[in-house]
Amino acid sequence: MHDYADLTLARAHRTLEERLRPAIHSHPHPLMIHAYRVGGEPIPVAQALQATYEPAAVGDSWGRAWDTTWFHVTGEIPVDFAQERVEALIDLGFDVNMTGFQAEGLAYRPDGSPVRSLHPRAQWLPVVRKAVGGEPVDFYIEAASNPVVLDYHPFLPTDKGEWDTAGEELLYRLTRVDLVVVETEVFELVHDVEVLLQLAEQLPDSSTRRAHILRALDRALDRIDLADIAGHATAARAELAEVLGSSASATSHRVTAVGHAHIDSAWLWPLRETVRKVARTTMSMVALIDEHPEFVYAMSSAQQYAWIKQQRPEVYAQVKRAVAEGRFVPVGGMWVEADAVLPGGESLIRQIAYGQRFFREEFGVECHGAWLPDSFGYSTSLPQILTGAGFDWFLSQKMSWNERNAFPYHTLLWEGLDGSRIFTHFPPMETYNSQLSGGELAHAERQFGEKDEATVSLAPTGWGDGGGGTTREMVARAARLADLEGSPRVAWQTPDEFFAQAKAELPDPPVWRGELYLERHRATYTTQHLMKQGNRRNEGLLRQAELWSATAAIRVGHPYPYDRIDQAWREVLLLQFHDILPGSAIAWVHKEAAERHARVTSELEAIIAEALAALGVSDTQSDGPTVLINAAPVTRQGVAPAAIGQPEPALPRTMGRLGDDFVVESAFVRFQFNAAGLMTSAVDVVSGREAIPAGTVGNLPQLHGDFPHVWDAWDVDAAYRGMRQDLTSAESVRIEDDALVVVRRFGDSTLSQRLSLAADARTLLIDNTIDWRATEKFLKLAFPVDVFADTAVAESQYGFQARPTHTNTSWDRARFETHTQKWFLVEEPGFGVAFLNDSTPGFDVTRVEIGGRITQLARFSMLRAPRFPDPHTDQGIQTMRFGLLLGADTASATADGWLINIPARVGHGRPMGALVTSSHPSVLVSTVKLADDQSGDLIVRVYESQGARAHTRVSVDGRVASAHHTDLIERSGAPMEVTRTDQSANVELDLRPFEVTTIRFVRS
């Protein structure tokens, strides 16, 4: 038999795209157009409706970058449209390949009620389902002229990322504004043909099913007169009915489709534009819900709901209605889809606490799982945080982005640092923007790793990144794929329904232990340093604001600033979004984020000052003796954790010359630097151990070429190590007061370092000020250390983890750049060196052979200079503090990490003990605050910091009526026995290694 399959496929493709799809709309009738250019930031809808509009026409250019143009579109339905379904087709100058990344619109009626969005894949507005003729047509369209930043030639440097530099060029051309008749039967035919054609392309050439489909397609196409497609659509569909009606096999893979639009809270657009993206997308999704009773849509990020509540209440009212009906589903339970490795542990808890509180207060619901499809790796501490906050499941798809090693599972238990496990799913479709195409469905079935036991996977379905959401075309595909031979079955369901099914059919899933390290986007640990610095600074200030405000509230009745602290937290949580904190957004976003961080800092400093003043402590000398205000959970200069006291004097430290060299030393450590400011010796005096291998130098800046093959702000390629310049020369090296000051110039940049011993006379502090003027470079600070180890230990949220420094496996080799919280440690039995940071999470440790001995090369990652999407990344003055601790172990590294990140405050007033204490040295008090419910109850969070079991007594210096265990978001659980000694109330705790636990003390 002759095989004409290729001709049938080619014929079907061409007919579908060139004839059938365009025939969905017929009888175009032009509409009148008027326009109003805003010329700046968006204006309220009511103001736009009252504006003065000028005549406009199809073919007009419009929209400079980031501006808004309102179009007023009017007309009358022709009488010959009677009995027809009528829509308005409006093409603002769209490129269908740039959905979510270019011009978008939201249509309103003259009364200010929203209709739906316009975007490249949905260029229509509903007018009437059955026309009479003569009805008026009247729409106002808020059109955003967002520039395409990630263009066909991606990653080219562009100035379009800021209003001031984007230029005045009009970017778009109004292409079409017509009334049209909707040929419903042609629409159905298009999707019959499309689904079958895509299925046939995935089936084996020898498949009987494929042959039947191709024969049916040939017969259907034979029935179509291309001069009268609408008139022959029904006959053509009849030829396809049999193959469309053939049911899937009992063992077919099943796909849960969830309507979705991954809307980055900021990325290649500013925060203010995200507000409009959310409004546009959600309005369209509500309309789709109303049109299709089977459709279910899920949206994460409480912040995005809050934005439209505040700024687009007319849209929010529709969303709230749809949520109440159960088909617009809040998911994720977090304030934003945050980065999942860089924020501190308390921040990740508050992401959930503030997200769940919003959903509970607004909709009366709480989410059951975490929804983080696009974050750049996932901390080993996350399972404990998620389960501790009450979540049952976790979803992401980002691990499919690994460069070298395919992640082995799709449905699994993910086990975290402390042994907590959470049921996890990574959609095998490997996208969060599914279109439900035949190729995607076939890929999901082929890839699904647990197909020997399970049959279900999830597909987040809709246009994402910049929004848009699910389209009616996707709904039409899903209807045909519900039970179709040769294809996975598709059904619309909520995420909770999917996870219930997945758990039921896979009761004993495989287990992945430890972090989910993403083999891509490693440079986000370093890019846009101000984002990391602002976040770390404000995380520390939030701890202090809550601690001192709670202490003042309980001890002297100071009003606890609930609303101000809430607002500060929400700002910080927003700025932890996974394209803001990692540094992968346009310049506008990062400039605004830095300004917002600065405002939060100012507010928190005011809150802290007010609380301390209420406690009788001020910065005015006349108000009493000098006291040290220690907000850290570890002792500082003799002042207990979370206490105020008179500090012990700083231990003796000396700074001097030894020939041409410089020596910084105390009774505990001795550091020697050569004339160029490079460290030639680092001795732990107590043990006599030299940390710097002979013939090498530390404190060595290394400048690398840094031009990744893709994703400039996100990625650093392993090949960067081959392009290295050691910055061994110094412009000046001098002793200044109690510090050694080293200045180096390289290119147009300057690095100034101030090296001194901390008050403990053990920790070498390295205060770096960099005037950064490089482009496409990566700056590291290197320290070779004479330590024999197979691993480097790095702090994570509420604990630490060890990663191999060898490259035995491809997984080990891929971790050439990693991340920490406040410290990392290279340690052998009996001796270690800890590397501390106040704002720079990125680092690497490499095993190297020096003089026939295996040593470690440890390096801080300081700054990068990618040119996309911000062509001026990190340019200008940057500051960061490092610390070097000899003779360290995980306990001393943990303590010093806290001290370097919670700087000492000095004030004047009376000493006072801590409000809350823990008796066990490894059980640290991480949070002291008043309860979110404003009951006045005291919330205390503690964690075991050293990976060992511990029994501790937690004591509160105050009157307590009762105590209860709570989950991490303060929902009360089992009561606890309270004992009293003197003025304290005490509870006893047994903690597992790295366990985090929360206690609610009810005050009497």
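**Stop one: charges over rings**

Begin by selecting Lys398 and Trp401: the charged end of Lys398 sits over the ring of Trp401, 3.3 Å from the ring's centre. Keep in mind as you go that this is a predicted model. Now pick Arg543 together with Trp898, and you will find Arg543 over the face of Trp898, with 5.3 Å to the ring centre.

**Stop two: aromatic rings**

Next, bring up the side chains of Phe, Tyr and Trp. How many aromatic pairs are there, counting ring centres that lie within 6.5 Å? The count comes to 49 aromatic pairs. For one of them, select Phe860 and Phe882: the ring centres are 3.9 Å apart and the planes stand at 0°, so this pair is stacked. Stacking here calls for planes under 30 degrees apart. Colour the strands as well, and you will see Phe860 in strand S43 (residues 853–864) and Phe882 in strand S44 (residues 876–886), so the pair ties together parts that are 22 residues apart in sequence. Are these two residues buried or exposed? Both Phe860 and Phe882 are buried.

Stay with the rings and select Phe295, Tyr297, Tyr305, Tyr316, Phe328, Trp335, Phe358, Phe359, Phe363 and Trp492; together they form one aromatic cluster.

**Stop three: two helices crossing**

Switch to a cartoon view and show helix H9 (residues 345–363) with helix H15 (residues 562–574). Two packed helices are described by the angle between their axes and the distance between the axes. For H9 and H15, the axes come within 10 Å and cross at roughly 110°. That angle makes H9 roughly perpendicular to H15, and the crossing is left-handed.

**Stop four: a hairpin**

Now select strand S50 (residues 960–966) and strand S51 (residues 972–976), which run antiparallel and are joined by three bridges. Which residue of S51 is the bridge partner of Thr966? Click on Ser972, as that is the partner. Between the strands of this hairpin lie five residues, and in the hairpin Glu970 takes a positive phi near 75°.

**Last stop: Thr680**

Finish in strand S28 (residues 679–684), where Thr680 has its place. Thr680 is partly exposed, with a relative accessible area of 29%.

Methods:
Residues numbered from 1 in each chain as written. Predicted model: local features only at pLDDT ≥ 70, side-chain atom pairs only at ≥ 80, totals over all residues. Heavy atoms only, no water. Phe/Tyr/Trp six-rings, centres within 6.5 Å; stacked < 30°, edge-to-face > 60°. Helix = DSSP H or I, 4+ residues; strand = E, 2+ residues; numbered from the N terminus. Buried < 20%, exposed > 50% of the residue type's maximum accessible area, 1.4 Å probe, protein only. Lys NZ or Arg CZ within 6 Å of the ring centre and 35° of its normal. Pairing = 2+ DSSP bridges. Axes fitted to C-alpha atoms, helices over the stretch in contact; angles between N-to-C directions. Parallel < 35°, antiparallel > 145°, perpendicular 65-115°, else oblique. Left-handed = near helix turned anticlockwise from the far one by under 90°.
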